[in-house]
Amino acid sequence: MARKPARFSGGARLGVSGALVFRSRAGTGDAAIMHPPLDTDEYDVALEQVANSLSKARRVVALTGAGVSAESGLATFRGADGLWEGHRIEDVATPSAFQRDPALVWRFYNARRANLRTVQPNPGHRAFVELEDRLVKRSGGDGAGAFTLATQNVDGLHRAAGSRRVLELHGSLQRVRCTRCSHLAATDEALPDLPHCPQCGHLLRPDVVWFHEMLPAEIWREAAQATAICECFLVVGTSAIVYPAAGLIDAARAAGAMVVEINPEATSASRRGGLALRGRSGEILPQLMQRLRGEKT
Ligand code: OAD
């Protein structure tokens, strides 16, 4: 299947290009000001408020990032352990890095692909499955649009947990594609440092989006459209500094959605308003599901 890079065309409100870019914290303002840590009572009230919003919303979108998989044992990109062999993600996840040193880039991705074989979805991933089931069931019909999970993660753990409507904005580590022909294949197997296309013999690359590349057009359009009409938008486990994904947060606010951040730390998303639940997604999301089931946590 040929994948043509495409310009962003969906979600007029979003007003951002579909090319992957990184914006530094300096460019987005002081992240820590909007949400001082909540004390236990405040946390409880906020949790109830979010559960209440989820129980009423007809359309919910969640944007997830590496933090959701942290409790499965996968390192985040920008944490203390966020470097790989001394390289920042922005130095290995680019077309020019691949051109310069494809073996280095493949070693980076092969190490991450090997890690995937050792990890399982965590309670945070499973809570999203429960949320989707609940919203789809409540919507009565086919559930289309009741819940959309837009993820920046390329680890496949949302799908492995059982989430159905998953939009993989940055592609998947479990797919490879040819740098020359249209060959695209799913593979979990270990690959050499320089894997070659079984069809034309040219170099394969991981089917992930690199910095300066366009997001897959249809997936991005669906994410933008779902965001433009959602009533509740969850921002979970992401530093919210990689665009265009992080732009969905502003689009959700523009659409009048209640924006809820779940993250142990304040991020670039925090200063944009909404509610913050400070803590791990693998703990907070199951607590939210308990509230939705009517069980007090
Ligand atoms: P980051 O590493 O930038 O951010 C991870 C976020 O997860 C941080 O804000 C942490 O505070 C938070 N976090 C850590 N543990 C958590 C937990 N248990 N529960 C909830 N949150 C937790 O990762 P992303 O925001 O996903 O792109 O990065 C976005 C993109 O940048 C990635 O998709 C990747 C990277 O470059 C590409 O590779 C194309």
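1. Two strands count as paired if DSSP finds at least two bridges between them. Keep that in mind as you look at this predicted model: strand β2 (residues 60–64) and strand β3 run parallel and are joined by five bridges. Within this pairing, L63 stands opposite A150 of β3.

2. Now follow β3 to another partner. Strand β4 (residues 166–168) pairs with β3 over three bridges, in the parallel sense. Here T151 has E168 of β4 as its bridge partner.

3. Is β3 mostly covered or mostly open? Strand β3 (residues 147–151) is mostly covered, with five of its five residues buried.

4. Next, a pair of helices. The axes of α9 (residues 217–228) and α10 (residues 247–254) come within 9 Å and cross at roughly 30°. Angles under 35 degrees count as roughly parallel, so α9 is roughly parallel to α10. On the α9 side, W220, A223, A224 and T227 make the contact, and they meet L248, A251 and A252 of α10. Six of the contact residues are nonpolar, one is polar and none is charged.

5. The buried residues of α11 include I284, L285, L288 and R291. Among the elements covering its buried residues are α2 (40–56), α7 (123–139) and β10 (258–262). Just after α11, G294 takes a positive phi of about 85°.

How values were computed:
Residues are numbered from 1 along each chain as its sequence is written. This is a predicted model: local features need pLDDT of at least 70, side-chain atom pairs count only at pLDDT 80 or more; totals for chains, interfaces and linings use all residues. Side-chain values use heavy atoms; hydrogens and water are left out. Axes are lines fitted to C-alpha atoms, for helices over the stretch in contact, and angles run from 0 to 180 degrees between N-to-C directions. Helices (H or I, at least four residues) and strands (E, at least two) are DSSP runs, numbered from the N terminus. Angles under 35 degrees count as roughly parallel, over 145 as roughly antiparallel, 65 to 115 as roughly perpendicular and the rest as oblique. Contact means heavy atoms within 4.5 Å. Ala, Val, Leu, Ile, Met, Phe, Trp, Tyr, Cys and Pro count as nonpolar, Asp, Glu, Lys and Arg as charged, and the others, Gly among them, as polar. Buried means under 20% relative accessible area, exposed over 50%, partly exposed in between (1.4 Å probe, protein chains only).
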